[in-house]
Amino acid sequence: MGRLRYTISRLLQSIPVIVGVITITFLLTDAIPGDPVQIMLGPSPSAQQAEAIRAKFGLDQPLHVRYFNYLFDVVRLDLGTSLYYGVPVTQKIAERLPVTLYLLLSSFTFALLTAVPLGIISAKRRNKPTDHISRVVALFGVSTPSFWIGLMLIIVFSFWLDIFPATNLILPWESPANVDGAANQLGVIAKSIHHLILPTITLGTLQMAAFTRIERSSMLEVLGEEYVKLARAYGVSETKIVRKHAFRNAQLPLITLVGLQLTGALGGAVLTETVFSINGMGRLIITAIQNQDFQLVMGTTLVFGLVFVIGVILTDLSYAYVDPRVSFDGSE
Amino acid sequence: MNMSNATNRTDADESGPEQPEARVGLRYTLSQVKRDPTALAGLAVIAFMTLVAFIAFVDGVLFDFLSDFTFFANLGIEQYLLANTFWVNPVVDGTGQILRPPVYMTNQLYPDQPGTWAHPLGTDHRGRDVLIRLFYGTRIAITVGIVATGIAMVLGMLVGAVAGYYGGWIDDALMRGSETLYAIPFLILVIAFMTAFGRNLTFAMIGVGIATIPTFARLIRSRVLSVREEDYIEAARAAGVRDRDIILRHVIPNSFAPILVQATLQVGVNILIIAGLSFLGYGAQPPTPSWGQMLSNSRQYMLPNPWFSIWPGIAILITVVGFNLIGDGLRDALDPRINN
Amino acid sequence: MPDENKTFHSQLNRRRVLQGIGGAGIAGLAGCAGGSGDETEGTGTSSGGDSSGGDSTESESTEGGQSSGGKLRIALVKSPLEFDPLVLNDVPSSQVVDRVVEGLYTYDENTGIVPLLAEGSPTVENDGKRFTVTIKEGATFSNGDPVTAEDVKYSYEAPVAENTENASELNMIDTVEAVDERTVQFNLKYPYAPFKTTLTWYVVPKSVREEDKEAFNTGNSLVGSGPFTFEEWQEGNFARLAANPDYWGDPKPNLDEIEFVPVEEATTRVTTLKNGENDIIEEIPPKQYPTVRSIQDASIEEVPGIGYFYAAFNCNEGPTTDPKVREAIDYAFDMDQAVSSYVEPTGVRQYSPYPLSIAESWGFPLDEWKQIPHGKDVDQTKALLEEAGVPDDYTFKVIVPPDDKREQIGITISNGIKEAGWDATVQRLDWGAFLDKYVSGDESEYNIYTLGWSGTPDPDAFTYYLFGRDENTLGVTNGTFYGNNSEAGKQVSEKFIEARRTPEREERKALYEEATTTLLEDRVHLPAYNLKNSFGVKDYVEDFRSHPVSSFSITSDYNNVSVGNK
């Protein structure tokens with residue numbers, strides 16, 4: 001009950017943010033020099049042709065009219081038609097968004113599955129060799145450009161060793177008929193995972209490192225708390241302390257970080273998708289910007305904004321799930 | 001604590017110190033850092049990189065300057081200058097020096113062209129010495145990283161301090177604004193910004209600076225919120241000190257330590273972002289030697305000559321590790337809980 | 001100048017300005033197969049079967065004796081965008097559609113024109129203003145309908161009537177008449193000498209396209225008379241064709257299926273060739289040649305395309321309007337060396353606007369033209385720039401499109417200028433920004449640019465649009481028009497326009513030679529190179545041919561691709 005109300009109020013609070021996203025993107029795209037019509041038709045199209053297209057996409061109206069028209073359209077869930085692709089923006093996004101979400105999901109899973117144990121071990125064995133190794137790994141992880149990791153992985157695993165493919169991402173629910181060498185749905189899923197491994201590592205390394213670092217420090221912090229010291233004094237075993245007392249509380253900062261990393265990861269997805277020629281949102285948005293596909297830039301950014309907002313709300317919700325001290329009734 | 005503050009709550013976790021002693025002076029910080037081997041290692045790395053950058057800088061500027069005088073030009077400076085441009089931006093197109101492997105290495109595909117000491121790290125697709133270009137790239141990376149952080153820091157401090165100090169609708173408005181900036185993936189924000197205003201390093205720095213304002217704004221704001229209630233601030237206010245002076249003289253100096261930590265880490269992050277931008281073609285224009293652009297160029301030649309894509313990556317890695325080590329060192333030094 | 005734009009008809013369309021992609025298959029008018037029909041009813045077409053490869057049925061009749069059927073995966077550089085041949089205007093789309101839709105005529109292995117849907121050569125009357133073509137008996141679209149004169153008339157008229165981006169390719173036609181079921185008559189506005197190349201234009205079934213143009217364009221209802229039919233397309237992922245089991249022509253395709261996948265990154269393309277993800281990859285960049293050669297079970301299939309890449313000057317404003325300055329810049333660098341370093345072996349040095357195959361078949365004085373460009377001599381640059389009175393602090397602006405090879409040429413030029421003591425900048429721009437600046441002719445935007453051009457295998461395609469100036473080309477050359485500041489330029493323009501209206505070949509040749517020599521000596525363009533249509537091909541793929549005009553050939557009179565044991 002409280003949870004629902006909380007969610008709704010958070011959603012309402014994020015409306016100004018979404019409007020802000022639209023406004024910023026709108027002004028930026030408007031400032032981009034060059035004529036989108038020209039890109040479509042080549043330089044110097046006939047005036048008639050150009051005018052027809054301008055009118056079709058509403059480019060002939062003044063800025064503020066277009067702005068409010070756009071806001072109004074968004075309310076009606078109409079994101080317009082892409083100039084470059086000639087199809088509705090929503091259709092394009094529906095094609096591409098699952099790919100990027102799939103990639104994000106897999107790299108966050110990878111990051112969490114490695115970071116949490118690594119961080120805990122590191123904290124438990126503070127200043128022991130294990131700790132040093134995991135800290136160095138984490139340090140290098142946050143310091144390496146993700147796309148460079150991608151390039152190196154391609155050289156080693158695709159070209160030299162020929163173990164993993166270097167391009168494309170196959171969605172696990174793709175029909176077997178469209179996937180080369182997959183007899184049935186299981187085959188498709190296997191292929192999908194095979195294709196996913198290198199991009200996941202590329203995009204996930206940075207998150208993994210960031211998560212490890214915060215997991216370690218928050219674990220250390222919790223292990224230094226009075227109640228843990230007390231438990232230790234009572235002779236509770238260290239493993240049990242970690243599992244029973246410290247673990248939950250130590251996850252709080254990590255959860256928040258996961259939410260915050262979303263925006264960075266979406267940016268990282270642009271690079272990862274470029275390196276592996278994956279047709280996701282990242283490449284879509286770059287294509288849109290380069291071709292001044294105004295409607296598409298607006299639509300994709302808006303969706304990114306929404307993904308971020310939803311991500312943060314989910315983070316907050318899971319926060320309360322983990323931390324019993326947090327309640328939803330809004331009181332301190 | 002209200003749930004909607006969940007995000008704010010962890011700002012401190014992210015950037016480290018949330019220590020009880022609010023006032024941590026610069027001197028104390030430095031004395032702590034001196035004792036921390038991690039931070040010292042970081043400092044050493046950055047000092048080295050800065051030196052490299054500085055040499056490249058002096059090399060360029062000094063000889064540019066000297067060659068304007070006939071006297072020096074007659075001394076052969078002009079020849080040196082030519083050789084200099086030759087390194088960075090050589091005119092030796094197609095002399096068989098293209099894509100040389102590093103010294104002692106051979107390339108399977110061109111076995112007749114082994115690496116030589118003339119180009120210890122090999123040459124690139126235009127026959128330019130990779131090592132020299134890495135040197136020049138250092139200068140760009142460090143400058144750009146620091147300037148972008150500076151922009152974000154100054155603007156972020158302003159926004160955060162004002163929001164935190166005044167509270168109310170000002171706070172709401174500013175924080176929503178910074179949340180908005182945060183909601184657009186900054187790589188995309190910066191690319192759109194650069195497409196609109198100019199595709200060069202200057203706008204890359206400004207764009208990254210603006211896009212990362214929220215990081216600093218939030219940090220300062222949370223600091224201000226805690227400092228605001230301190231007795232001495234109340235006292236100052238009661239004594240009729242103007243708001244602006246309170247912010248500038250008391251609030252900001254007292255938030256110095258966490259900002260320093262955040263800024264150091266942010267320089268590293270910015271170097272990564274700008275490398276990514278250059279990789280996508282939004283950064284230094286050719287032939288300016290930036291690491292990201294070198295990587296982007298190298299993609300075409302990755303298979304015959306992987307070295308060419310390995311070096312710039314390592315250069316970025318070392319530099320960013322340097323900044324992260326300093327940042328970590330600072331953080332540890334300032335955080336008594338983790339430090340004991 | 002804005003007024004002039006009104007009459008201009010997007011001559012410079014996307015397919016013609018070579019956008020980064022190599023010379024591969026820019027064939028403006030390259031048809032491969034064709035036919036017409038009514039009703040979507042038909043056999044194995046898009047509307048009909050799902051995986052209608054028809055397994056071994058149709059491949060029995062083929063000569064190769066290869067294992068029948070098979071699927072071919074080709075990695076293109078970019079994804080196709082649309083499939084209506086009357087509308088599409090980008091290279092990847094035409095590469096796909098060329099297998100599905102045919103034309104009246106097509107190219108032989110080289111640039112010769114041979115009948116496809118047509119019977120014999122066209123009859124030319126009325127001083128080269130009337131062409132009459134008879135359609136082969138038994139030519140059918142894949143839905144079973146015969147190819148009729150009405151379909152041909154429709155295919156040639158619709159682009160102009162609908163004002164599509166391809167209208168300019170056909171606007172020399174005055175009227176098209178369907179004389180009877182199988183005879184078409186083209187009446188031209190003026191004697192258009194290269195009209196035979198226009199006759200390679202696609203022929204589509206009128207009834208099917210008229211029924212739903214949208215579906216025709218997305219491929220859903222695309223029907224042609226070619227050896228393959230359209231199956232499925234996912235933008236950015238793949239486009240799939242299947243063999244047309246009822247193909248009217250000979251030979252029947254050996255392959256069951258062709259899948260085109262876009263892989264933009266060259267290194268990745270090569271990697272996918274090596275590990276067998278793809279059977280054929282398009283466009284191998286210069287430095288990847290040794291890598292591809294080092295792949296044990298693959299080889300390179302290549303042929304020079306019909307393209308022209310060049311460096312050129314802002315002839316509208318600024319110092320580069322002065323021929324002396326242009327010559328100075330020619331002295332600043334060595335194009336031979338630049339091309340050998342950054343383009344070969346992907347491309348070949350070219351000394352005139354005409355690709356070698358055209359220049360040779362016309363017997364142009366290549367040796368003479370080869371002597372025109374200077375080698376590198378920075379002192380000359382210095383002397384000439386001083387003589388022309390270019391201020392010491394002048395900064396030359398070079399703009400290049402987003403393509404590595406042209407960027408390298410641009411950097412080489414700027415290096416040379418710097419060496420001579422002037423400043424120079426190179427800006428690599430996105431296509432939108434590039435075209436925007438390039439047509440402006442504004443000195444503050446650029447002095448020098450690099451660009452590429454492609455077209456049909458006729459000299460006209462490389463002269464009229466680039467140097468000509470009449471009501472049809474205004475706009476393309478706005479910024480760069482050589483005649484803006486030069487009497488010689490105006491004459492060159494007139495000669496090129498005259499040449500296209502001269503049916504007599506020797507007369508035409510003389511006009512081209514004179515005008516070309518003038519413009520080369522005046523250094524309006526510094527011709528640079530022509531790209532090859534290059535493909536990395538796995539050894540188990542048999543009989544795959546690259547083609548100068550239509551990029552590659554799968555099933556034709558002279559080849560029929562099959563896939564052997566992997």
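Helices are DSSP runs of H or I with at least four residues, and strands are runs of E with at least two. On that basis, chain B has 16 helices and zero strands. The structure described here is a predicted model.

**Chain B**

Chain B comprises 340 residues, of which 54% count as buried. When its contacts between residues at least 6 apart in sequence are considered, 72% of them join residues at least 24 apart. An unreviewed UniProt entry lists "transmembrane region" for residues 39–58, 140–168, 180–197, 203–220, 259–284 and 308–327 of chain B. For two of these spans the geometry can be stated. Residues 180–197 of chain B are 89% helix and 0% strand, with end C-alpha atoms 20 Å apart. Residues 308–327 of chain B are 100% helix and 0% strand, and their end C-alpha atoms lie 30 Å apart.

**The contact between chains A and B**

On the side of chain A, 56 residues are in contact with 46 residues of chain B. Elements that give two or more residues to this side of chain A include helix 1 (2–13), helix 2 (15–31), helix 9 (185–223) and helix 11 (238–275) of chain A. Helix 13 of chain A gives the most, with 10 residues. By class, the side of chain A that touches chain B divides into 36 nonpolar, 16 polar and four charged residues.

**Nonpolar cores**

The largest nonpolar core has 247 residues; the members that touch the most others are I184(B), I188(B), V190(B), A204(B), F216(B), L104(C) and I280(C). Helix 6 (residues 130–166) of chain B supplies the largest share of this core, 19 residues. Another core, of 72 residues, lies apart from it and has V400(C), I417(C), A420(C) and L451(C) among its members.

**Domains of chain C**

The domain assignment divides chain C into domain 1 (71–297 + 539–563) and domain 2 (304–531). The C-alpha centres of domain 1 and domain 2 of chain C lie 31 Å apart. Their contact takes 16 residues from domain 1 of chain C and 18 residues from domain 2 of chain C. The side of domain 1 of chain C that touches domain 2 of chain C has 11 nonpolar, four polar and one charged residues.

| Helix | Residues | Number of residues | C-alpha span | Expected span |
|---|---|---|---|---|
| Helix 3 of chain C | 149–161 | 13 residues | 18 Å | 18 Å |
| Helix 18 of chain C | 487–500 | 14 residues | 21 Å | 20 Å |

In helix 3 of chain C, the buried residues are A149(C), D151(C), V152(C), K153(C), Y154(C), S155(C), Y156(C), A158(C) and P159(C). What covers these buried residues includes strand 5 (130–135), helix 4 (167–170), strand 6 (173–180), strand 7 (183–188) and helix 6 (206–211) of chain C. Just after helix 3 of chain C, N163(C) takes a positive phi of about 60°.

In helix 18 of chain C, G489(C), V492(C), S493(C), K495(C), F496(C), I497(C), A499(C) and R500(C) are buried. The buried residues of helix 18 of chain C pack against helix 17 (464–467) and helix 19 (505–521) of chain C.

How values were computed:
Residues numbered from 1 in each chain as written. Chains lettered and ligands numbered in written order. Predicted model: local features only at pLDDT ≥ 70, side-chain atom pairs only at ≥ 80, totals over all residues. Expected span 1.5 Å × (residues − 1). Buried ≥ 20, exposed ≤ 12 C-beta atoms within 10 Å, placed from the backbone. Contact = placed C-beta atoms within 7 Å. Domains from an automatic or database assignment. Nonpolar A, V, L, I, M, F, W, Y, C, P; charged D, E, K, R; others polar. UniProt positions renumbered as here; feature names shortened; annotations may be inferred. Core = buried A, V, L, I, M, F, W, Y, C linked by C-beta atoms within 7 Å.
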